[in-house]
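Subject: Structure handover

Dear colleague,

I am passing on a structure for you to look through, and my notes on it come after it. Please open it alongside this message.

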Amino acid sequence: MMLTKKLIEIRTILMSIDHNETLKLPSIVVIGSQSSGKSSVLEAIVGHEFLPKGTNMVTRRPIELTLIHTPNQEEEYGEFPQLGLGKMHDFKKIQKTLVDMNMAVPDSECVSDKPIELRVYSPNVPDLTLIDLPGYIQISNANQPESLKSNIEALCEKYIRTPNIILAVCAANVDLANSPALRASRKADPLGLRTIGVITKMDLVSPEQGVSILRNADYPLRLGYIGVVCKAPERVQGNMTKALIRNETSFFREHLMYNQRDIQVGTSTLRFKLMSVLEQSMGKSLYSIVDAVQRELEEARYQFKVQYNDRRVTAESYVAETMDSLKHNFKDFANNFGKPQVRHEVRTMLEERVLDICAEQYWEDPKIADLAKSSPDDLYWLYKIDLAAAALTKSGIGRSTTQLVVDVLLSNMERLAKAEPFSFHPETRKQIMNFTSEILRTKFLTTSDQVENTIKPYKYEACICETEWAEGVKRSIGLLEKELKMCDEMSLAIKNSVGKKKLKSAINYLLDNEREDTRRQSEIRRMEEDGMASHEELFAPGDDEDTVKSFYNPRLIEKAKEALFLRDRAMILKYRIAALKSRQCKSPDNKQQCPEAFLNVIAEKLTYTAVMFIQVELLNEFFFQFPREVDNRLVYEMNRKQIQQFARENPPIQKHLQLQERKIKLEEVMDKLNYLVKRQADRQNRNQ
Ligand SMILES: Nc1nc2c(ncn2[C@@H]2O[C@H](COP(=O)(O)OP(=O)(O)OP(=O)(O)O)[C@@H](O)[C@H]2O)c(=O)[nH]1
């Protein structure tokens, strides 16, 4: 039975690459009514109880059972290649898995044509491929779909087509004329050339009846009918199937009528019959399968040439290339993110902070107009400049500058991890971001502490030389001019959105109101001083307020307020720019009159110091560690399965690998087939 064995091997390879009809090899298909004894027959052949049992339609999907004879091994086990659960030595577990897979088909459908693949390796099984199908039913019951009967029939019909061998199972105690299995096989195989009739439950009929059934003259089969008894005696101790075979052998030995030349009985006879019929059938299919594989191989070779120019790829090479490209892109980023870039980021952040402090402490101060004319000893402004400098130096520079650089690094790493091909690998992307954050987290505290420590002196005093001051003035003017430009642009945008006239009248209304408010306030103050009215009376809202509300909608008033603010801010900025350009701000001695310049000089010193330590403590460490983590956490951690999975996450690579694998496997199959063809030819020559 060498041909069957080899072709089963080939079939297994073909099934791993293709489930289409062109590459199908013959199998034995088991059909029969429910409870006719199909499972019992199959279990007797395998020698184990492993099929689902029960009354609630437990066989709902075709079970493609491949038996592999392993003569030199003792172990017996099953495998579900679709599930990848590995070897299963416990046949009860196999049974449980089959039940679960079958019962996963919902009651509303009851059958599915998606096959379950099961391979059994054992020294006690013959090399066979068998397909167990759901049993025919007479009529569907209340909670089953009405179409169930026809669905089962259609499923069986699909499987019993040529070149498959039909194993039509019928119970001896049920009239053969009513057997749906024989009816179906007669339709598919009218001459009875590839059908084997299996008559179960022979113990339930008299030997006379039994013999007449096995000689069925109504539907003669060239491969004949075989009678079996697949019921184990009650109270069995030890191996059930062995007891069953013993029981069957003694049953047929007891009844001499079954000992006739033209009568075939017994599970062993059936086993042998199946093996020889399958071997013959395989032999007949050999040349057609050679042609089919040859065609598929030529097509696969052609496509591989056209689509990939015969370029081979492996999952391992893809992983290596992908990680190299990540490291390469990272290196590019690291080369372009040095001190100047970090300095730019930190400086921009601190300049923003300087502007906020200036706005809060100076530009919004009602006395700002006096600043330029103030005396150098004016305590008010001397105190203010110290306050402003402290607001800058004591604002947690260590933490905020480190955080800023960490954020920039994170967003760049996010960019690298999102780029192709990582867009195909969401899990790996997550891993990259995880270890990036981890490295940065471990460096964060030391870096921010270091920065905070080193800028400490600036919290108390800062020595400023003339050139530093001149630079600070220049930068401040630039910043204020930028700010002024922004104010102008925003004012223009408001004007354009509201309309010049409308805005003007709303502004006038606000200004009138303001004037009126001031007038009222002074009136109140005067009257209160004279004791003429109470505070509450004077503050009661007037009628005119409601009247005005109907003219100006709140949105317009908001816009007018914004425009007024921008106008005032622009005025102050112009005034401050002029001050910074004046003689007064030519020297650091007047720092209290030029707060913008002074704060900018300190910001520059802070930037310089912070960047120096961020570079050493954070950046250099991160740039050194990241590529090593790519190797440690991604490359070395992946096992073979994960490498395959990773490569297949990328659809173009998956397609490439699939076609390549298909070509390689077809080549392997073709080699094996060529050997078999040669062997068959040699045999025929010897026989001639
Ligand atoms: N007396 C006797 N009973 C048998 C024989 N073979 C099977 N049975 C019994 O018949 C019943 C049905 O057998 P199964 O093998 O489960 O039949 P099946 O065709 O697989 O049933 P479904 O999976 O429901 O389609 C069980 O109770 C078996 O014990 C036999 O040769 N003799």
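The notes below take up a pocket and then a pair of helices.

This is a predicted model, in which local features need pLDDT of at least 70 and side-chain atom pairs count only at pLDDT 80 or more, while totals for chains, interfaces and linings use all residues. Residues are numbered from 1 along each chain as its sequence is written, and side-chain values use heavy atoms, with hydrogens and water left out.

The largest pocket holds about 760 Å³ of space, a pocket being an open set of points on a 1 Å grid over the protein atoms alone, where a 1.4 Å probe fits, with protein on both sides within 12 Å along at least five of seven lines. Its lining (residues with an atom within 4 Å of a point) consists of 31 residues, and Ser35, Gly37, Ser39, Ser40 and Lys53 lie nearest the centre. Helix H2 (38-46) and helix H7 (240-254) each supply at least two lining residues, and H2 gives the most, with 5; helices here are DSSP runs of H or I with at least four residues.

Elsewhere, helix H13 (residues 426-455) packs against helix H19 (residues 595-635) at an angle of about 155°, with the axes 9 Å apart. That angle makes H13 roughly antiparallel to H19, a label for angles over 145 degrees on a scale that runs from 0 to 180 degrees between N-to-C directions.

Best wishes

Note on methods
Parallel < 35°, antiparallel > 145°, perpendicular 65-115°, else oblique. Points joined across faces, edges and corners; volume = space filled by probe spheres on them.
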